[in-house]
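Keep the viewer open and try each task before reading its solution.

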Amino acid sequence: MMRPRLSDCSRCLARSRLFSTTAQRTEQSQNPPFPPMEGYARLTNRGLISITGADSTTFLQGLTTQNMLVASDRNRSLRSTGTYAAFLNSQGRVLNDAFIYPLPGAEAQGAESGWLVEVDKNQIPALLKHLKKHKLRAKLKLRALEEGERTVWSSWNLSWKNHAKSQPWAVYTRETGFPSLFEPTSEMTGCMDNRAPGLGSRIITPGSDELRTYYPDKSHVRGDEVQLDSYTVRRFLHGVPEGQAEIISGTALPLQCNMDMADGIDFRKGCYVGQELTIRTHHRGVTRKRILPVQLYDLGQEGQNAPELFAYDPSFQLTLPSGEADIVKDGAATRRGRSAGTFLNGIGNIGLALCRLEVMTDVALMGEDPAHPDEHHFKLSWAPEVEQPNEIGVRAFVPSWLREFISKGRGG
């Protein structure tokens, strides 16, 4: 029996039937509420690094998975919009996931051209060290922006002047050379967030002022400001990892983190650090593990079945591991049984996990027969020395856009 597909629409997720559980439910849950259909959030967990100078573009071209140039342009013009990308180590493992934006207002002010790199705020010192190691004699300046110098925002259901509200997913691809939504003189920059359909947009504003300072008209930025946790829930519902708590630095592979699907990798751009393994996996290998959204439930309840629909319940209370935890088949020996995946992060009854597709999903890889995950229960396996208050069941869901991506032979 085919597993029900993850809904493409947050409204549909909100309507999904919630399942029964013996886990604690409280009227005043500490979990964030279901995220609104329209809104924006200040991403206080993200920081910025500026890279300016004559060699800034060439420097980034050799260090990131993304093309800093418009690939379809014979004149090799610089991209005018931000983009999703990653920095890899020499073994092809992700050091940092990032968004890279053209430095706003530089041309109008006659300043040096350059870029802003948005990364996990806690990882800025480590990334700066990595960048300085490769700087050599390049003519550029590296600087971590001070707190409040600029602010990173996520906005969804964004309606831009002169642009249709229903722009297709991945409209800002490296092939199109799509023009920037900001004027050359603007002190703001940003991009569509291509990591999942309908995820929204990134906006970088000067200073620490509220976003309404720059968009007082709700026809441009809709909804109200929400807390960071609400944005995180929204990411989990879309199956999107972010930061090195979920994309483990030095361990994660970019294709396992769905960066190929999110157009965060240019497989034709030429050499960059970590390219060899990434290209080989893309062209010759198969990606057997991917980060997926997962539903958590109380496995200890008698007669409890795994949920059939993916839904977020703010009142759902479970004690989750503070870091990575193995996912194993219920009944299998923890130490001897093969891990089915790795739990990464969660809120309430949803989260993200790196899952073995041929074990935890019905996705068929390379013409193989699909697995039957509905015949098994999967659970979190904590370290033996840590007391586990709940038997937490885990069920993986494959977003329809990722399923389609794999079925077309681009990600399997």
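**Exercise 1. Find the place of N258, and state what its phi and its accessibility are.**

Solution. Step 1: N258 is in the loop between α5 and α6 (275-284). Helices (H or I, at least four residues) and strands (E, at least two) are DSSP runs, numbered from the N terminus. Step 2: the phi of N258 is positive, about 65°, although N258 is not a glycine. Most residues other than glycine have a negative phi. Step 3: with a relative accessible area of 5%, N258 is buried. Here buried means under 20% relative accessible area, exposed over 50%, and partly exposed in between (1.4 Å probe, protein chains only).

Before going on, a word on the ground rules. The model is predicted, so local features need pLDDT of at least 70 and side-chain atom pairs count only at pLDDT 80 or more, while totals for chains, interfaces and linings use all residues. Residues are numbered from 1 along each chain as its sequence is written, and side-chain values use heavy atoms, with hydrogens and water left out.

**Exercise 2. Is L136 buried or exposed?**

Solution. Step 1: look in the loop between α4 and β7, where L136 has its place. Step 2: L136 has a relative accessibility of 71% and therefore counts as exposed. Step 3: L136 is not a glycine, yet its phi is positive at about 50°.

**Exercise 3. State how confident the predictor is in the chain, and find stretches where pLDDT stays under 50.**

Solution. Step 1: pLDDT is the predictor's confidence in each residue, from 0 to 100. For the protein chain its mean is 82, and 80% of the residues reach 70 or more. Step 2: residues 1-28 stay under 50, and the model has 76 contacts for them beyond four places in sequence. A contact means heavy atoms within 4.5 Å. Step 3: residues 158-177 also stay under 50, with 51 contacts beyond four places in sequence.

**Exercise 4. In what order do the five strands of the open sheet stand?**

Solution. Step 1: the order is β4-β5-β6-β3-β7, with antiparallel pairing. Two strands pair if DSSP finds at least two bridges between them. Step 2: β4 (83-88) and β7 (141-144) each have a single partner strand and stand at the edges, so one side of each has no neighbour in the sheet. Step 3: on average, neighbouring strands of this sheet are turned by 30° against each other, direction ignored. Step 4: inside the sheet, β3 (residues 46-52) and β6 (residues 114-120) run antiparallel and are joined by seven bridges. One to look up is T52, whose bridge partner in β6 is G114. Step 5: helix α4 (residues 124-135) lies across β3, β4, β5 (94-102), β6 and β7, at about 20° to β3. Axes are lines fitted to C-alpha atoms, for helices over the stretch in contact, and angles run from 0 to 180 degrees between N-to-C directions.

**Exercise 5. How many aromatic pairs does the structure hold?**

Solution. Step 1: the structure holds five. Rings of Phe, Tyr and Trp (its six-membered ring) pair if their centres lie within 6.5 Å; planes under 30 degrees apart count as stacked, over 60 as edge-to-face and the rest as tilted. Step 2: one of the pairs is F34 with Y312, tilted at 40° between the planes and 6.3 Å centre to centre. F34 is in the loop between β1 (24-25) and β2 (39-42) and Y312 in the loop between β12 and β13 (316-317), so the pair ties together parts 278 residues apart in sequence. F34 is partly exposed at 21% relative accessible area, whereas Y312 is buried at 4%. Step 3: Y84 and F99 have ring centres 5.3 Å apart and planes at 45°, so this pair is tilted. Y84 lies in strand β4 and F99 in strand β5, so parts 15 residues apart in sequence are tied together. Y84 is buried at 5% relative accessible area, and F99 counts as buried at 0%. Step 4: Y84, F99 and Y101 form one aromatic cluster.

**Exercise 6. Which helices and strand do the buried residues of α8 pack against?**

Solution. Step 1: helix α8 (residues 400-407) is mostly covered, with six of its eight residues buried. Step 2: these are S400, W401, L402, R403, F405 and I406. Step 3: the buried residues of α8 pack against α5 (228-238), β12 (289-298) and α7 (357-360).
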